[in-house]
Amino acid sequence: MDTNYARVFQDIGAVDKYEHVTYAPGSYASRINERQRAYLRALVRRAFPGVRPVQHDFACGTGRAIRSLHGLVREAHGYDTSTDMLAKAAEVGTRARLHAVAADGPVPRPAAAEGPALVTMFRLLLNVDDTVRDRALAFAALALPEAGSGLLVIENHGNARSLRHLRARRLRGQRWFAELSHDDVDRLLHRHGFEIVERRGFSMLTQGWYERRGLDRIARGVDSAASVLPGTDRYAVNVVYVARRLPT
């Protein structure tokens with residue numbers, strides 16, 4: 001797959017397509033985002049009852065995860081290698097300080113902030129190689145140096161144990177197709193000193209179900225129910241993991 005995220009999204013046309021086509025109202029991605037938004041807001045209220053956290057959204061893109069938490073964080077910072085993505089984030093009303101970061105070299109440092117932190121990473125792991133994944137987790141470790149520093153929320157939108165895996169043999173080698181297992185994510189997190197404390201699935205069915213007339217309503221119902229039922233995360237296509245630093 002093409003893992004050069006910075007190159008792909010330095011094209012304003014690709015940025016506009018991402019914001020207005022991939023996430024068009026009623027689309028597969030937008031439905032998942034709606035469920036994730038509700039979950040994230042409930043998570044922040046539950047996990048940070050006293051002091052609102054500072055959000056650090058790594059590979060923030062157009063700021064979707066930041067906008068999901070407007071009003072629930074003390075301040076927000078978005079970091080991305082694509083200046084076009086950052087410009088779009090500002091254009092669509094993302095209330096955050098936006099930081100352009102280098103695609104390689106030293107690990108970017110989180111903006112200085114007091115109190116608990118919430119690090120978010122959406123639609124990143126599957127789109128990049130191991131070097132970038134390690135870079136992203138190293139950033140998270142800087143923002144969350146101790147077990148009590150806050151939480152990391154990270155997304156895998158291609159779970160290798162989901163229905164999506166049925167296409168793996170046919171699509172293997174295609175530049176856009178990749179998948180990660182729960183064990184892959186767990187090993188990545190442990191390598192950087194994190195442990196998973198919660199896992200939630202947000203779609204059991206694949207995008208094709210949403211694009212077929214007559215099946216889309218069924219798909220929405222199935223995925224909405226599955227997102228609140230325990231145990232479905234094991235086989236969900238789209239999975240969010242909540243992690244904290246391991247005690248030292």
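What percentage of the 248 residues of the protein count as buried? In this predicted model, in which local features need pLDDT of at least 70, side-chain atom pairs count only at pLDDT 80 or more, and totals for chains, interfaces and linings use all residues, the share that counts as buried is 51% (buried means under 20% relative accessible area, with a 1.4 Å probe and protein chains only). Residues are numbered from 1 along each chain as its sequence is written, and side-chain values use heavy atoms, with hydrogens and water left out. The protein has 10 helices and 7 strands, taken as DSSP runs numbered from the N terminus (helices H or I, at least four residues; strands E, at least two).

Strand S4 (residues 117-121) is mostly covered, 5 of its 5 residues being buried; Ala117, Val119 and Met121 lie on one side and Leu118 and Thr120 on the other. Strand S1 (residues 54-58) pairs with S4 in the parallel sense over 4 bridges, where pairing requires that DSSP finds at least two bridges between two strands. S4 also runs parallel to strand S5 (residues 150-156), to which 5 bridges join it, and Gly150 in S5 is the bridge partner of Ala117.

Helix H6 (residues 130-143) contains Arg133, which counts as buried because its relative accessibility is 11%. The side chain of Arg133 makes a polar contact (a pair of N or O atoms within 3.5 Å; within protein, one must be able to donate a hydrogen and the other to accept it, and residues adjacent in sequence count only if both atoms are side-chain atoms) with the side chain of Asp130 at 2.8 Å.

Technical notes:
Buried means under 20% relative accessible area, exposed over 50%, partly exposed in between (1.4 Å probe, protein chains only).
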